[in-house]
Amino acid sequence: MSGIYIHIPFCKQACHYCDFHFSTSMGKKEAMVKALCKELELRKKEFEDVSVETIYFGGGTPSVLELGEIQALINTVYQHYDLRQYPEITLEANPDDLSNKKIKQLSDSPINRLSIGVQSFFEADLKLMNRAHNAQEAEDCIREATKYFENISIDLIYGMPDMTNERWKENIEKALSFNIPHISSYALTVEPNTALAHFVEKGIVTPVEDTVAQEHFQLLSETLEAAGFESYEISNFGKPGYFSKNNTAYWQQKKYIGIGPSAHSYDGERRGWNINNNPKYIKALEKGEVPMEVEVLSTTDKYNEYVMTGLRTIWGVSMDKIAKDFGQTYSEYALMQAEKYLEDHLLYLDGDTLLATRKGRFLADGMAADLFMVNLS
């Protein structure tokens, strides 16, 4: 399985917590779509021996595109790539972009999955995040979207300042009331050089302690699992048959191409990343050049990436796979480093597979970093 990720680097306004690459100026949107189409065309040989199963429009805010612009990108993929029958085609969208008319238009297009950036159903949270939509718009667009789309995911953020467990539970219950099959949820992170980081430095906002965020995560996991969702990855919860194919491919280290400024690509041996500058990206593609840097991954790099992605998921980290793909030294090292977490019941072994316990899930990234190998090539 392989996928194509298309980064749409535009947003109506900047969310206070976001450090993704985007521009709030739409002046070069038409030129950007042409450049994205050109990059898709130039890179088709990378997938000449595989079929594409997923197309994912991320950003930024892909829903700022007109339907014709979205269709042009999809048409370009179909023109130059071999697609499996009924590929999963996801559009990230913000509630303020999803008018009743646009939802209907999208349902008539090849888009068959919506990922809606709700983040919270509380007005105070949305204002703190500087989201472009309000709470009522969030509810209205989900209600309308469920009339036309079966496969819908929404994003929620926990660990917000002043967010009690009770209010967080209300957010989760509100999401469940729409009977959607997938929820992605992330802890609010204070990223450098963001407005939120500035507010924290000035004492305007007090960041949530890790213990509180961990309580929110446990509440999230327990509530969603009781409602029939499975936590197939720390931040992703899906009902049976509704795991995101795009997300699953990423966490299982499948091959993917990243199209657009700042987009990343991975083929199992190399990782590439495009320039994160819109004008320079457009200018390069106008000259028929892909402005991408490439890194060849060492055995240690591949091992570290497998541990990092695997430990976050229900598929875990296989010691047999590590020994086979990277060498016995790596599997022995992984088990040695994991020993203290096994003793503390943060990790457990199911056969040869290392998995995070319910208690350990929230700490998976830190544990994975402790299993990283740093001194072998």
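Which residues does F57 touch, not counting residues up to four places away in sequence?

Modeller: Bear in mind that this is a predicted model. Leaving out residues up to four places away in sequence, F57 touches I6, I8, P62, I70, L73, I74, I89, T90, L91, E92 and I111.

Now place F57 in its setting. The largest nonpolar core has 71 residues. F57 is among the members that touch the most other members, along with I6, L73, I111, I116 and I154. Helix 1, residues 29-42, gives this core its largest share, six residues. A second core is separate and has 21 residues, including L311, I322, L347 and A356. There is a general pattern to keep in mind here. In soluble globular proteins, nonpolar side chains tend to be buried together.

Next, look along the chain from F57. Strand 2 covers 52-59, and helix 2 covers 67-80. The loop between them holds G60. The peptide bond from G59 to G60 is cis, and its omega is near 20°.

Strand 3 is the next stop. This strand spans residues 83-93, and Y86 lies in it. The phi of Y86 is near 55°. That is a positive value in a residue other than glycine. Y86 counts as exposed because its relative accessibility is 68%, and the cut-off for exposed is over 50%. S262 also has a positive phi, about 80°, although it is not a glycine. Its place is the loop between strand 9 (255-259) and strand 10 (264-266).

Now turn to a pair of helices. Helix 3 is residues 100-107, and helix 5 is residues 135-148. Their axes come within 10 Å and cross at roughly 30°. Angles under 35 degrees count as roughly parallel, so helix 3 and helix 5 are roughly parallel to each other. The crossing of helix 3 past helix 5 is right-handed. On the helix 3 side, the contact uses N100, I103, K104 and S107. On the helix 5 side, these meet C141, E144, A145 and Y148. By class, the residues of this contact are four nonpolar, two polar and two charged.

Follow the chain past helix 5. N151 sits in the loop between helix 5 and strand 5, which covers 152-158. N151 counts as buried because its relative accessibility is 15%, and the cut-off for buried is under 20%. Beyond its neighbours within four places in sequence, N151 is in contact with E88, N112, R113, L114, P181 and Y242.

Helix 6 is residues 165-176, and helix 8 is residues 210-226. The two axes come within 10 Å, and the crossing angle is roughly 30°. The crossing of helix 6 and helix 8 is right-handed. Helix 6 brings N165, W168, K169, I172, E173 and L176 to the contact. Helix 8 meets them with E215, H216, L219, L220, T223 and L224. The contact has six nonpolar, three polar and three charged residues.

Take I172, in helix 6. I172 is buried, with a relative accessible area of 0%. Setting aside neighbours within four places in sequence, I172 is in contact with L219, L220, T223 and L224. I172 and E295 are 123 residues apart along the chain, and their C-alpha atoms are separated by 40 Å.

E305 is found in helix 11. E305 is buried, with a relative accessible area of 15%. Its contacts, leaving aside neighbours within four places in sequence, are Q253, Y266, R271 and L297. E305 and A369 are 64 residues apart in sequence but 9.9 Å apart in space, C-alpha to C-alpha.

R312 lies in the loop between helix 11 (299-310) and strand 13 (317-318). R312 counts as buried, at 14% relative accessibility. Apart from neighbours within four places in sequence, R312 is in contact with Y232, E233, I234, S235, W251 and D365. R312 and K169 are 143 residues apart along the chain, with their C-alpha atoms separated by 23 Å.

Notes: Residues numbered from 1 in each chain as written. Predicted model: local features only at pLDDT ≥ 70, side-chain atom pairs only at ≥ 80, totals over all residues. Heavy atoms only, no water. Axes fitted to C-alpha atoms, helices over the stretch in contact; angles between N-to-C directions. Helix = DSSP H or I, 4+ residues; strand = E, 2+ residues; numbered from the N terminus. Parallel < 35°, antiparallel > 145°, perpendicular 65-115°, else oblique. Left-handed = near helix turned anticlockwise from the far one by under 90°. Contact = heavy atoms within 4.5 Å. Nonpolar A, V, L, I, M, F, W, Y, C, P; charged D, E, K, R; others polar. Core = buried A, V, L, I, M, F, W, Y, C linked by side-chain atoms within 4.5 Å. Buried < 20%, exposed > 50% of the residue type's maximum accessible area, 1.4 Å probe, protein only.
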